[in-house]
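Visitor: Walk me through this model one feature at a time, please. Give me the general idea, then the case at hand.

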Amino acid sequence: MAPWVFWPSVAIIGVFVIWAMLGGEGAADNILSFRAEVVDNLSWYYVPLVSLFVVFALFMGFSKYGKIKLGKDGQKPDFGLGSWLAMLFAAGMGIGLVFWGVAEPLSFYMGPKPGVGEGEAERAEFAMSQTFLHWGFHPWAIYIVVGLAIAYAVHRKGRPVSIRWTLEPLFGDRVRGRLGDAIDVIAVVGTVFGVATSLGFGVQQIGAGLDHLGIIENPGSVTLSILVIVITLIATLSVVSGLDKGIKILSNTNGIIAAAILLFVLVAGSTTALLTDFFQNIGVYLQNFAGLSFDTGSWHGDEGTSWVGGWTVFYWGWWMSWAPFVGIFIARISRGRTVREFIVGALLVPTTLSFFWFSVIGGSGIREQQATGSMVGEDGSVDSTGALFALLDSLPGATLVIGVAILLIVFFFVTSSDSASYVVDMLASGGDPNPPTWSRVFWAVTQGLVAIALLTAGSGAGLTILQNVAVVIALPFSFVMIAMCLATLKSLRDEHVARQEAQAEEAEEALIESAVAAMTEAQENGELDPATSGTGSGSGAAGVGDKADKDTPGDDLLDTSAKA
């Protein structure tokens, strides 16, 4: 255990939970006001920063540094390609895709950004391209900035699994002291808050699904708390079993179930239209990529900036609050991959899968709303927790599929919870890649208790507080991420230069050895003419010949040299 990381993290988490429970709606209003000030005044900072992270990730992946191994030279990857991609997807995006797969595109369709046309086609195109922005290259670039820095420090340089060591190229031994402790505390607190909030919202979605099936009517805080306890128990068992067992098995299971639901919706729905939509959605997104990436909504006044702040900027802060957890986890499972493999795997593959998921699931929701108007309330509002089940209810075999979807949500939350517990435990244990069992259990239980406490605080105000605190915490961590980019670039550049110099020395030595070997062979075969080789040497060459003649008077070749 690292005391200066463990105990400050526990204290901060405890203070915020107590404040949320005692302060209720008043505390929620305070933190919402503070978060609004951050968003309103720093949109100009968050929007271009995350876009620059995309540029950084692409540059590192396709530059001369791409061949550098995240591990020792010749080391093979720890996990096969399929399991590796499944764990990437499950830890980074899986649960969010299930929760927001229908709700987010539908929300953008019903309440588009100011300036978007009123036609159905225009709103649908905007809804999908904006969703792609929030779930595509940008969030994964955020994860890559952290993941690449950690993977290089841990697997290449042999440092402990900790955020602090990513900044060693810039700050040297100072990362061993209080500066490093502060960085790791921010990472621990942000991870626990982010995962606990997602756990709370997730059980609300599970509760909505059980209510939809008529199993539990209007589940309250007690029922939701029991669900959290069950999920936490499963997550605890999984995290104790380690990466190679529980987390790997659950990730593979998640991938299979998610793929089954995706194919079912595709086949049972408007297959041709959805496949056609997929390629058009990608085209519209790529066509407007630069504009979407740097859009702050400023030309549409307060309404425009509020819309961007409430969605895009909020997402960028939310992803950054998750970056320590996801970054460490994807770094931990990526030993043996090259920089290029890491970035292509973590950027292009999950992004493409996310695009296909939203095109099929979200597109189906929009098309169902266009056809029947049954996907939203009478006032046009979208029920985030129930939107997925409303879509599945419109397809054949709805009861069975909704049951499977609830199971998928449970598994995804278990995966996120146990992965986060594992990561937090490594940070709080001083970077130990195999922390003790008791501390794994402690952090898994802590996340569950935090979620329960906030579910019962102030009629849901606790979750609102924690969600917005996580976004506020992303602000100081964004400065750490900028430093990570500089440190990673410096490390890879220095290694590349050192490798080039070593290769040049090896090539020079090989050339000298080759030349010496060739001259020796030619001399032995009587093919070397010292008179010719000595041209330009003057009397020095003759002197050498004279000495050689005295040493070996019977040698014809040297006799010739002596005569010369």
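Guide: Let's start with tryptophan 311, which is partly exposed at a relative accessible area of 23%. On this scale, buried means under 20% relative accessible area, exposed means over 50%, and partly exposed is whatever falls in between (1.4 Å probe, protein chains only). Bear in mind that this is a predicted model, in which local features need pLDDT of at least 70, side-chain atom pairs count only at pLDDT 80 or more, and totals for chains, interfaces and linings use all residues. Residues are numbered from 1 along each chain as its sequence is written, and side-chain values use heavy atoms, leaving out hydrogens and water.

Visitor: How many helices and strands does the protein chain have?

Guide: Helices (H or I, at least four residues) and strands (E, at least two) are DSSP runs, numbered from the N terminus. Here you get 20 helices and zero strands. The chain has 564 residues, and 54% of them count as buried. A contact means heavy atoms within 4.5 Å. Take the contacts between residues at least 6 apart in sequence: 82% of those join residues at least 24 apart.

Visitor: Now the rings. How many aromatic pairs turn up in the whole structure?

Guide: Rings of Phe, Tyr and Trp (its six-membered ring) pair if their centres lie within 6.5 Å; planes under 30 degrees apart are stacked, over 60 edge-to-face, and the rest tilted. The search finds 37 such pairs. Take phenylalanine 108 and tryptophan 307: their ring centres are 5.4 Å apart and their planes meet at 50°, so this pair is tilted. Phenylalanine 108 belongs to helix H3 (residues 103-110) and tryptophan 307 to helix H12 (residues 301-332), so the pair ties together parts 199 residues apart in sequence. Both phenylalanine 108 and tryptophan 307 are buried.

Visitor: And which kind of pair do phenylalanine 108 and tryptophan 311 form?

Guide: An edge-to-face one, at 4.7 Å centre to centre with 75° between the planes. This pair also links distant parts of the chain, since phenylalanine 108 is in helix H3 and tryptophan 311 is in helix H12, 203 residues apart. Phenylalanine 108 has a relative accessible area of 0%, so it is buried. These rings belong to a cluster linked by ring pairs, whose members include Phe99, Trp100, Phe108, Trp307, Trp311 and Phe358.

Visitor: Why is helix H3 largely enclosed by the rest of the structure?

Guide: Because seven of its eight residues are buried. The buried residues of H3 are Ala103, Glu104, Pro105, Leu106, Ser107, Phe108 and Tyr109.

Visitor: Some rings have a charge over them, I gather. Where does the charged end of arginine 123 sit?

Guide: A charge sits over a ring if NZ of Lys or CZ of Arg is within 6 Å of the ring centre and within 35 degrees of the ring normal. For arginine 123, the ring is that of tyrosine 109, with the charged end 4.3 Å from its centre.

Visitor: What does phenylalanine 137 touch, not counting residues up to four places away in sequence?

Guide: Val54, Tyr285, Phe289, Leu347, Leu348 and Thr351. Phenylalanine 137 is found in helix H5 (residues 137-156), and its 17% relative accessibility makes it count as buried. For a distance check, its C-alpha is 9.4 Å from that of alanine 57, 80 residues away in sequence.

Visitor: Let's move to helix H17. Is histidine 496 buried or exposed?

Guide: Buried, at 15% relative accessibility. Histidine 496 is in helix H17 and touches Lys64 and Tyr65, leaving aside residues up to four places away in sequence. The C-alpha atoms of histidine 496 and tyrosine 65 are 6.9 Å apart, although 431 residues separate them along the chain.

Visitor: One last thing: what is the phi of asparagine 218?

Guide: Phi is near 45°, a positive value in a residue other than glycine. Asparagine 218 is in the loop between helix H7 (178-212) and helix H8 (221-241), and its relative accessible area of 59% makes it exposed.
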